[in-house]
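My plan is to look up a few places and write down what I find.

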Amino acid sequence: MSFELFIQVLNILATVTLAVSGVLQAARHQLDFFGALVLACVCALGGGSLRDLLIGATPVFWATDLLYLYIIIPTTLVSILLVRLIPPGRGIRLKLLDIADAAGLALFAILGAQKTLQLGLAAPIAVVMGVITGIAGGMIRDVLTATTPSVLRTEVYASAAMIGVVSYTILMSFLPEIPAMLIGMALVFFIRLAAMHWRLQLPTLKVKRAMNR
């Protein structure tokens, strides 16, 4: 498999996983087909679009390659049909949403960093762009459904993306690019899943109030 085909396959997988997460979020909030399609689009395209705008890679990726839209629309339709088969009230949809979101986070974070490096930008910039690519779509999805974004809660979310992207940029000095990318994605995915399974949380900022005298 050529490197270009490898990147294309990963982009397709990332688009599908986050589109599915958008549909699952729509189902949890009882939205209609159009609402599900909107959430699928913002999840799958939001992070990469913001990255491209910030690094000057315009027009943004999906505006020059209609494959992404051709993927999102049937993915939305199929996901809606499958979600209707899942019995509500058992937490299954939430678990599937968490898994799809973790997979999309892992894929898009590393792909975002890889594209940034490919354009000749420095590794620290690639780390920032990778995290933005991974989290922005989910943030927009959550805002549209009046849900506090995971990145703003104490969950290990953006930090998981950062660990994976930093590891990827370091491994690039020792390994071929494909293994480095796969290891980075695996780290993001498993750190995120482990954090959800063991309910790992980041410390919160607490301000001590002065006692009235």
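I began with arginine 192, which is buried because its relative accessible area is 3%, below the 20% cut-off. I kept in mind that this is a predicted model.

I then looked up where the two residues sit. Arginine 192 is in helix α8, and glutamate 155 is in the loop between α6 (123-144) and α7, so the pair ties together parts that are 37 residues apart in sequence. Glutamate 155 is partly exposed, because its relative accessible area is 24%.

**Other salt bridges**

How many salt bridges does a search of the whole structure find? I noted six. My course notes say that side chains of opposite charge can pair when their charged atoms come close.

Next I checked lysine 115. Its side chain meets that of aspartate 52 in a salt bridge, at 3.1 Å from N to O. Lysine 115 belongs to helix α5 and aspartate 52 to helix α2 (residues 33-55), so this pair ties together parts that are 63 residues apart in sequence.

Is aspartate 52 buried or exposed? I wrote down buried, because its relative accessible area is 0%. Lysine 115 is partly exposed, with a relative accessible area of 21%. I also found a network of salt bridges that links Arg51, Asp52 and Lys115.

One more pair went on the page. The side chains of arginine 141 and aspartate 142 meet in a salt bridge at 3.0 Å, N to O. Both arginine 141 and aspartate 142 are buried.

I went back to α8 and looked at its packing with helix α5 (residues 92-118). The angle is about 145°, and the axes are 9 Å apart. The crossing of α5 past α8 is right-handed.

Which residues make the contact? On the α5 side I listed several, including Asp98, Ile99, Ala102, Leu105 and Gln114. On the α8 side I listed others, including Glu177, Met181, Gly184, Phe189 and Arg192.

**A nonpolar patch**

Met162, Val166, Ile170, Phe174, Leu175, Ile183 and Leu187 make a nonpolar patch of about 600 Å². Two elements give two or more residues to this patch: α7 (158-171) and α8 (177-197). Which element gives the most? I noted α7, with three residues.

Phenylalanine 174 counts as exposed because its relative accessibility is 65%, over the 50% cut-off.

**Threonine 75**

My last stop was threonine 75, in helix α4 (residues 67-83). Threonine 75 is buried, because its relative accessible area is 12%. What is threonine 75 in contact with, leaving aside its neighbours within four places in sequence? I listed Val16, Ala19 and Val20.

I also looked up alanine 40. In sequence, threonine 75 and alanine 40 are 35 residues apart. In space, they are 8.7 Å apart, C-alpha to C-alpha.

Terms used:
Residues numbered from 1 in each chain as written. Predicted model: local features only at pLDDT ≥ 70, side-chain atom pairs only at ≥ 80, totals over all residues. Heavy atoms only, no water. Patch = residues over 30% accessible without salt bridge, like charges linked within 9 Å, V, L, I, M, F, W, Y side chains within 5 Å. Areas by Shrake-Rupley, 256 points an atom, 1.4 Å probe, with all protein chains shown as cover. Salt bridge = Lys/Arg side-chain N within 4 Å of Asp/Glu carboxyl O. Helix = DSSP H or I, 4+ residues; strand = E, 2+ residues; numbered from the N terminus. Buried < 20%, exposed > 50% of the residue type's maximum accessible area, 1.4 Å probe, protein only. Axes fitted to C-alpha atoms, helices over the stretch in contact; angles between N-to-C directions. Left-handed = near helix turned anticlockwise from the far one by under 90°. Contact = heavy atoms within 4.5 Å.
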